[in-house]
Amino acid sequence: MKVAILHAPGDLRLEDRAAFTSGRADLVIKVAAAGICGTDLHFRHMGPRFPGQPMPLGHEFAGEVVETGSEVTSFKVGDRVAYNSNNSPADMGRGGECGGFSEYVILREVDGHVCSLCRMPDTVSYDHAALVEPISVGTHAVNRADPRPGESVTIFGVGPIGLGMVMALKLRGIEDIIVFDLSPLRRERALALGARAAFDPRENPPAEILGELRGHGLIWGNPFPKTDIYFEVSGARDMLSDIARFCNKNSRIITVAMQRHPVVLDGTKIMSKETSIIGAQGYPVEFPQVMDGIASGSIDAEQMITHRFAFTDFLNAFEVADQADTAAKVVLQFN
């Protein structure tokens, strides 16, 4: 079978590997579609998680169960399923036995962790099921923020996770959503999903724009732009510090992106403005909810997809996915 294997930074290969040997408690999935995640791009540049150990990549995927061991009771051959990475011990695509950029994957002792897979309703395509994962990350961040009707929201970074946030916010009835992103394409996608406005922060300083659109609150006579909730999804250097500096009193800041540099925060401003800083990681309960939202049509996963590639062309797909100006979500399709 064909498997995408990362050997070293930049050294990603499509290789032939022997088919899995499954035990009585295992199942095998034939992969139908997989999404390229920012984590996959990160590993491609950084190299395998464990140096010197070639690593299969991919954790956003969906497919069909084609083999089950005699002791498996939770799934059957023919089940259409999506992989729930957050609730699986298999660690697929992050150093585990296999990854989703493969013609087949195996789940060992699956009855002991049935939440690793989510059954797909008949109305959900494999392409869209492969996107439940990033949309679930965005939905969990929104749940952590717990927005209330009438509150205003600003999102920094509208890649696939940020776009998932726009969808989740709209489902909660939030109308005042302003986004900032360097990519014109991603800004356009955010607007199509219901964002009120979208800006390039290099040309439109966020504090100034937010003040113009939402007005200011005064703290000790000094103006601060009004926004109830900020999502930091860009990972841009100093962005988290900047938000904490210019936000208004009682703002909530949800940090979602990996921060690759130390973050310096003014503790006095956070204290005096009673700013809440909330972390959001993963999707402990959101995966099946998002799957149901796609099935009902309340979540439009297609809006996130900008490119589709055959799995055999996965190297080109990675090059495209790494260009934020021209790509949002890139999906690999398997024959």
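Modeller: In strand β10, I178 is the bridge partner of T154. This is a predicted model, in which local features need pLDDT of at least 70 and side-chain atom pairs count only at pLDDT 80 or more, while totals for chains, interfaces and linings use all residues. Residues are numbered from 1 along each chain as its sequence is written, and side-chain values use heavy atoms, with hydrogens and water left out.

Strands (E, at least two residues) and helices (H or I, at least four) are DSSP runs, numbered from the N terminus; two strands pair if DSSP finds at least two bridges between them. Strand β9 (residues 152-156) runs parallel to β10, joined by five bridges, and F156 stands opposite F180. Together with helix α4 (residues 160-171), these two strands make a right-handed β-α-β unit; right-handed here means that, with the strands pointing away from the viewer, the path from the first strand over the helix to the second runs clockwise.

β10 is also joined to strand β11 (residues 197-199), by three bridges and in parallel. There, F180 has F199 as its bridge partner. The chain passes from β10 to β11 through helix α5 (residues 184-192), again in a right-handed crossover.

Helix α6 (residues 206-214) lies across β9, β10, β11 and β14, at about 160 degrees to β10, with axes fitted to C-alpha atoms, for helices over the stretch in contact (heavy atoms within 4.5 Å), and angles from 0 to 180 degrees between N-to-C directions.

Four of the five residues of β10 (residues 176-180) are buried, so the strand is largely enclosed by the rest of the structure; buried means under 20% relative accessible area (1.4 Å probe, protein chains only).

Technical notes:
Buried < 20%, exposed > 50% of the residue type's maximum accessible area, 1.4 Å probe, protein only.
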